[in-house]
Amino acid sequence: FDRFDPRESQLSSRAATVGDLRKWINEPTAMGLPDILENLIILTYARQASRMLTLQGIPVPESLTTLRNDIVLERQALPSQADWDEVAGRASHVFGVTVQAVPTLANLQKLDTQVRELVSRYSGDVTNYLGKLRTTLPQICGGCSELARFKTAASMNALSAAIQQTRKPLELFQSVRLAQTETSAAGMGVVFKQAKSVHEALDRIALNVFERLGQVEDEPRASVAQGLRRQIQEALEADEHVTSLDAVVRRWLDDAMKVLLDRPATPPPPPPVPPV
């Protein structure tokens, strides 16, 4: 700090580069250190001073063997402890990641790496699931955007999209902290990891079976059929962490087919009326 900070303060309103630090290490006389030890000094300073290595504004990984001179040691404003605690809790429920309790740059970068990798893996499934809900819910439930299942999927999809638009750890942190949600973090977490399997359950709901249940008129089949229609409607309206759609659909299809196939026997035709 004593060697680098005073020299950096004389720069024209910019953060120091790796090349600047190499130069300052060897002032007033060259120390004769190999590159790998100079890199170790620079990386140690970056960690202790909460500096992120960036190249043209994009974060780059730390490396003892390859550290370009044009890499910038960008200053980072760390989150407050209260904000950190809030985001750590949300990240645990939504993404299933655990971070250290202290808001350091290293912990911020770890959060960024873990969440970004998970979003890259699962966000496509969330988007596809939301699209399927948009087409299925109106046909069965008569609505869409006001239902808990849809709200949770939409909130998770919006958060994933916001994260994908970020480039730096602090930007990702803020996108998680400021996410507008209409549901619980736990509910979003279930959708995030299980969107693909829930989508497959949606695909197994046969709309023609649902419609045919509404056409049953004879009792007691009509009452059973209406009960089955309400059952699948309620499952679709509820959040996934409240009602597992896969379990409901599996039973529902079996029960629905039994009702539709168990048709009443056709009464025999009346005997012919004898002529008078």
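Reader: Which residue of strand 3 stands opposite Leu 53?

Author: Leu 73 of strand 3 is opposite Leu 53. The model is predicted: local features need pLDDT of at least 70, side-chain atom pairs count only at pLDDT 80 or more, and totals for chains, interfaces and linings use all residues. Residues are numbered from 1 along each chain as its sequence is written, and side-chain values use heavy atoms, with hydrogens and water left out.

Reader: How many bridges join strand 1 to strand 3?

Author: Four bridges join them, and the two strands run antiparallel. Strands here are DSSP runs of E with at least two residues, helices are runs of H or I with at least four, and both are numbered from the N terminus. Two strands count as paired if DSSP finds at least two bridges between them.

Reader: And what is the strand order in the sheet?

Author: The order is 2-1-3, in an open sheet of three strands with antiparallel pairing. Strand 2 (58–59) and strand 3 (72–75) are the edge strands, each pairing on one side only.

Reader: Is strand 1 mostly covered or mostly open?

Author: Strand 1 is mostly covered, with four of its five residues buried. Buried means under 20% relative accessible area, exposed means over 50%, and partly exposed lies in between (1.4 Å probe, protein chains only).

Reader: Turning to helix 2, how many of its residues are buried?

Author: Six of the eight residues of helix 2 (residues 18–25) are buried, so the helix is largely enclosed by the rest of the structure. The buried residues are Val 18, Asp 20, Leu 21, Arg 22, Trp 24 and Ile 25.

Reader: What covers them?

Author: The cover includes helix 1 (4–8), helix 3 (35–48) and strand 3. Contact here means heavy atoms within 4.5 Å.

Reader: What does Thr 17 touch?

Author: Thr 17 sits in the loop between helix 1 and helix 2 and is buried, with a relative accessible area of 15%. Leaving aside residues up to four places away in sequence, Thr 17 touches Asn 69, Ile 71, Val 72 and Leu 73.

Reader: New topic: how many salt bridges does the structure hold?

Author: There are 16 salt bridges, each a side-chain nitrogen of Lys or Arg within 4 Å of a carboxyl oxygen of Asp or Glu. In one of them the side chains of Arg 51 and Glu 8 meet at 2.6 Å, N to O. Arg 51 lies in strand 1 and Glu 8 in helix 1, so the pair ties together parts that are 43 residues apart in sequence.

Reader: Are Arg 51 and Glu 8 buried or exposed?

Author: Arg 51 is buried, at a relative accessible area of 7%, and Glu 8 also counts as buried, at 5% relative accessibility. Glu 8, Arg 51 and Arg 75 are linked in a network of salt bridges.

Reader: Which residue does Glu 38 form a salt bridge with?

Author: Glu 38 pairs with Arg 22, the closest N and O atoms being 3.1 Å apart. Glu 38 lies in helix 3 and Arg 22 in helix 2, so the pair ties together parts that are 16 residues apart in sequence. Both Glu 38 and Arg 22 are buried.

Reader: And where do Arg 177 and Asp 83 lie?

Author: The side chains of Arg 177 and Asp 83 meet in a salt bridge at 3.9 Å, N to O. Arg 177 is in helix 7 (residues 169–177) and Asp 83 in helix 4 (residues 81–95), so this pair ties together parts that are 94 residues apart in sequence. Arg 177 counts as partly exposed at 24% relative accessibility, and Asp 83 is partly exposed with a relative accessible area of 23%.

Reader: Lastly, how much space lies in the largest pocket?

Author: About 220 Å³ lies in the largest pocket. On a 1 Å grid over the protein atoms alone, a cavity is a set of points where a 1.4 Å probe fits but cannot get out, and a pocket is an open set with protein on both sides within 12 Å along at least five of seven lines; lining residues have an atom within 4 Å of a point. Grid points are joined across faces, edges and corners, and a volume is the space filled by probe spheres set on the points.

Reader: Which element gives the largest share of the lining of the largest pocket?

Author: Helix 5 does, with four residues. The residues lining the largest pocket include Arg 47, Leu 53, Pro 59, Gln 109 and Pro 169. Strand 1 (51–55) and helix 5 (105–141) are the elements that give two or more residues to this lining.

Reader: How many residues of each class does that lining have?

Author: The lining has seven nonpolar, two polar and three charged residues. Ala, Val, Leu, Ile, Met, Phe, Trp, Tyr, Cys and Pro count as nonpolar, Asp, Glu, Lys and Arg as charged, and the others, Gly among them, as polar.
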